[in-house]
Amino acid sequence: MTNEKDQSQIEGQDLAARILARMGTALQSTDSQKEESSSGAMDREERARLRRVDGLSTELEDVSEVEYRKIRLEKVVLVGVWTSGTAEAAEVSLRELAALAETAGSQVLDAVLQRRQTPDPATYLGKGKAHELKEIVAACGADTVIVDSDLAPSQRRGLEDVVKVKVVDRTALILDIFAQHAKSREGKAQVELAQLEYLLPRLRGWGESMSRQAGGRVAGGAGIGSRGPGETKIELDRRRIRMRMAKLRKEIEAMAPARKTMRQSRRTNKVPSVAIAGYTNAGKSSLLNVLTDADVMVQDALFATLDPTVRKAKTLEGREYTLVDTVGFVRNLPHELVEAFRSSLEEVGEADLILHVLDAAHPDPEGQVEAVKTVLADIDGASEIEQIIVLNKADLAEPETLARLRSRYPLSVVVSAKSQTGITELKEMIAEHLPTPAKEVRVLVPYSRGDLLSLAHETGEVISTEHTAYGTKLHALVDEHLAEKLEHASE
């Protein structure tokens, strides 16, 4: 019996070591690269000032402490239940949870993984494993348990009653990261709405100073099922939350026309739109910077960028298009976030082309692709849009992996945003798959109308030009509005 217990402890220590090593997560491929990109340095410094730090209480003893925006670093233990698939896949999911916890500013101390057919309906873990978790929490001094799944309110309360510390699930953790990283007014409103939608069914109905529903003599003769103060309090909280959610929805709806107007303006000017989508930390912002010379913040962290970014770009032939960078995706992205960020994710659904950025150096790139496709399926129209799979971080990936991915995804290109290799091939592929204007023109454009010739290059597809004594002979594919202008100028 002692040997079995010792063996179990050794296996648990090995699991914790693998989890804390971040192997198999979206951060593994760049873990050895310590230098940070210069892009968005000020944003990273600002975010670092907001991170949790060890040794500070959440209780402020002096008003001056507010200026530092520093709160206690939570010490956490991770918990997962392996119900299906391979043990390796279960560990990869738990390792990603560790990376998420670190991104939220927590310190991961230990990890527990249990093999069960189904999670326990009362405490998520089995009774014995839950008490083992209690001992681990007490031994390492953790103050929070993070579960790698969505917990029912009863499961969270049941596990908290056993381990005697706060218990949060994967959804709550991701929502916390989004709350820390959101910067724009719209982004903050979307995150708050998602948090309230998550919180509403999880309000605890009573505390030590509140009474439960009671009947008979306990309720003072009011009858069976009468409401005590605790029930009144929870209804008041729910009403306040619903009122706040209604207000946030109106605010988000009021912001939507501005985004819609900008999209409509691009449509009116016949500017094609290319959306960048992909798993978190796959290198989307780095790719945006390379293609557009932008200075969007780049950081080796999960969900470093939340707010949509739109920048102008040009093909090698000079045709203009817009690049839209959106929030990164992750396995089991909370449904509340997908709903709250729907107005931002519409940018993907209304694009002409999607650049699906994939971390080719990740241990499970195919898993990332499937996770992204799952989220895209929830966005109206996104599944029907043509996708180019951009195999990023090629300088860190194994040649065999790149060959396998190129074989599996025929419409793909191998690039490295860091070393800028493969960027020319990517630009050529983008130009090839942008929508082609419908109208073919063969006109003589006077030299005095060089503006029209420039528009043909920027918004159309120029097949050939020839300079003559009277003007420029232009053979191109353009939209109908520009075709009318060109034909009028050539008369």
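This is a predicted model: local features need pLDDT of at least 70, side-chain atom pairs count only at pLDDT 80 or more; totals for chains, interfaces and linings use all residues.

The pairing of β4 can be followed residue by residue: strand β3, which covers residues 144-147, runs parallel to β4 and is joined to it by 4 bridges. Within this pair, Ile146 has Val168 of β4 as its bridge partner. As a general point, strands of a sheet pair through backbone hydrogen bonds, in either the parallel or the antiparallel sense.

## Helices across the sheet

Pro153 has its place in helix α5. Is this residue buried, partly exposed or exposed? Pro153 counts as partly exposed because its relative accessible area is 24%, a value between the cut-offs of 20% and 50%. When neighbours within four places in sequence are left aside, Pro153 is in contact with Pro201 and Arg202. Although Pro153 and Pro201 are 48 residues apart along the chain, their C-alpha atoms are separated by 7.5 Å.

## Helix α6

Helix α6 consists of 12 residues, 170-181, and reaches 17 Å from its first C-alpha to its last, which is close to the 16 Å expected at 1.5 Å a residue.

How many of the 12 residues of α6 are buried? The helix is mostly covered, with 9 of its 12 residues buried. Those buried in α6 are Arg170, Thr171, Ala172, Leu173, Ile174, Leu175, Ile177, Phe178 and His181, so each of them has a relative accessible area under 20%.

## Strand β13 and its two partners

Strand β13, residues 472-478, is mostly covered, and 6 of its 7 residues are buried. Strand β11, residues 439-445, pairs with β13 in the antiparallel sense over 7 bridges, and in β13 the residue opposite Glu440 is Leu477.

Strand β12, residues 461-467, also runs antiparallel to β13, to which 6 bridges join it; here Thr465 stands opposite Leu474 of β13. The hairpin of β12 and β13 has 4 residues between the strands, and in this hairpin Gly471 takes a positive phi near 155°.

## The protein as a whole

The protein contains 16 helices and 13 strands, and buried residues make up 49% of its 491 residues. Its accessible surface comes to about 24,900 Å², and carbon and sulfur atoms hold 50% of that area.

What share of the contacts with a separation of 6 or more comes from residues 24 or more positions apart? Such residues account for 69% of these contacts in the protein.

Methods. Residues are numbered from 1 along each chain as its sequence is written. Side-chain values use heavy atoms; hydrogens and water are left out. Helices (H or I, at least four residues) and strands (E, at least two) are DSSP runs, numbered from the N terminus. The expected span of a helix is 1.5 Å times one less than its number of residues. Buried means under 20% relative accessible area, exposed over 50%, partly exposed in between (1.4 Å probe, protein chains only). Two strands pair if DSSP finds at least two bridges between them. Contact means heavy atoms within 4.5 Å. Accessible areas come from the Shrake-Rupley method with a 1.4 Å probe; for residues, only the protein chains shown count as cover.
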